[in-house]
Amino acid sequence: MRGYKITLKAQPAKNEGEAGTPAKVRFGGSQSEAAAHKKALLEEAGLRPQADANQVTIDQIDIPTGKADLVPFLNKLVS
């Protein structure tokens, strides 16, 4: 099964003394869903969709559907 991994890069602090934000990851089942996640991640981070679009990557991934392959795949994702 094909899916999409959407990743927002870690963001540095905007002001001295503040903490930055860690990287965030979302998954989508279609290109349009991936685009919607990308837009939402940019908005959550206070970034501008046009100027800061390079802060988010979308990678196509192959998700195994058989239990024997799916469990190792999931373990790799969370490790």
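**Note on the predicted model**

Phe27 is partly exposed, with a relative accessible area of 39%, where "partly exposed" covers what lies between buried (under 20% relative accessible area) and exposed (over 50%), computed with a 1.4 Å probe and protein chains only. The structure is a predicted model, in which local features need pLDDT of at least 70 and side-chain atom pairs count only at pLDDT 80 or more, while totals for chains, interfaces and linings use all residues. Residues are numbered from 1 along each chain as its sequence is written, and side-chain values use heavy atoms, with hydrogens and water left out.

1. The nonpolar patch. Phe27 belongs to strand E2; helices (H or I, at least four residues) and strands (E, at least two) are DSSP runs, numbered from the N terminus. Together with Val25, Leu74, Leu77 and Val78, Phe27 makes a nonpolar surface patch of about 430 Å². Such patches are made of residues with over 30% relative accessible area and no salt bridge, with nonpolar side chains (Val, Leu, Ile, Met, Phe, Trp, Tyr) joined within 5 Å and like charges within 9 Å. The areas come from the Shrake-Rupley method with a 1.4 Å probe, and for residues only the protein chains shown count as cover. Strand E2 (24-28) and helix H2 (67-78) each supply at least two residues of the patch, and H2 gives the most, with three residues.

2. Strand E1 and its partners. How many of the seven residues of E1 are buried? Five of them are, so E1 is largely enclosed by the rest of the structure. E1 pairs with strand E3 (residues 56-62) in the antiparallel sense over seven bridges, and two strands count as paired if DSSP finds at least two bridges between them. Within this pairing, Tyr4 stands opposite Gln60 in E3. E1 also pairs with E2, again in the antiparallel sense, over five bridges, and here the bridge partner of Ile6 is Arg26 in E2.

3. Thr7 as an example from E1. Thr7, which lies in strand E1, is buried, with a relative accessible area of 18%. Leaving aside neighbours within four places in sequence, Thr7 is in contact (heavy atoms within 4.5 Å) with Lys24, Val25, Gln55, Val56 and Thr57. As background for reading such a strand, side chains in a regular strand alternate between the two faces of the sheet.

4. The nonpolar core. The largest nonpolar core has nine residues, namely Tyr4, Ile6, Leu8, Ala34, Leu41, Leu42, Ala45, Leu47 and Val56. Strand E1 (2-8) and helix H1 (31-44) are the elements that give two or more residues to this core. A nonpolar core is a set of buried Ala, Val, Leu, Ile, Met, Phe, Trp, Tyr and Cys residues joined through side-chain atoms within 4.5 Å. One member, Leu47, touches Leu8, Gln11, Leu42, Asp52 and Gln55, not counting residues up to four places away in sequence.

5. A search of the whole structure finds three salt bridges, each being a side-chain nitrogen of Lys or Arg within 4 Å of a carboxyl oxygen of Asp or Glu. Glu44 forms a salt bridge with Lys24, the closest N and O atoms being 3.5 Å apart, and this pair links distant parts of the chain, since Glu44 is in helix H1 and Lys24 in strand E2, 20 residues apart. Glu44 also forms a salt bridge with Arg26, with the closest N and O atoms 3.6 Å apart, and that pair likewise joins helix H1 to strand E2, across 18 residues. Glu44 counts as partly exposed at 47% relative accessibility, as do Lys24 at 27% and Arg26 at 29%.

6. The remaining salt bridge. Arg48 forms a salt bridge with Asp52, the closest N and O atoms being 3.7 Å apart. Are the two partners buried or exposed? Arg48 counts as exposed at 54% relative accessibility, whereas Asp52 counts as buried at 16%.

7. A residue in a loop. Glu18 is found in the loop between E1 and E2 and, at 45% relative accessibility, counts as partly exposed. Glu18 and Gly66 are 48 residues apart in sequence, and their C-alpha atoms are 45 Å apart in space.
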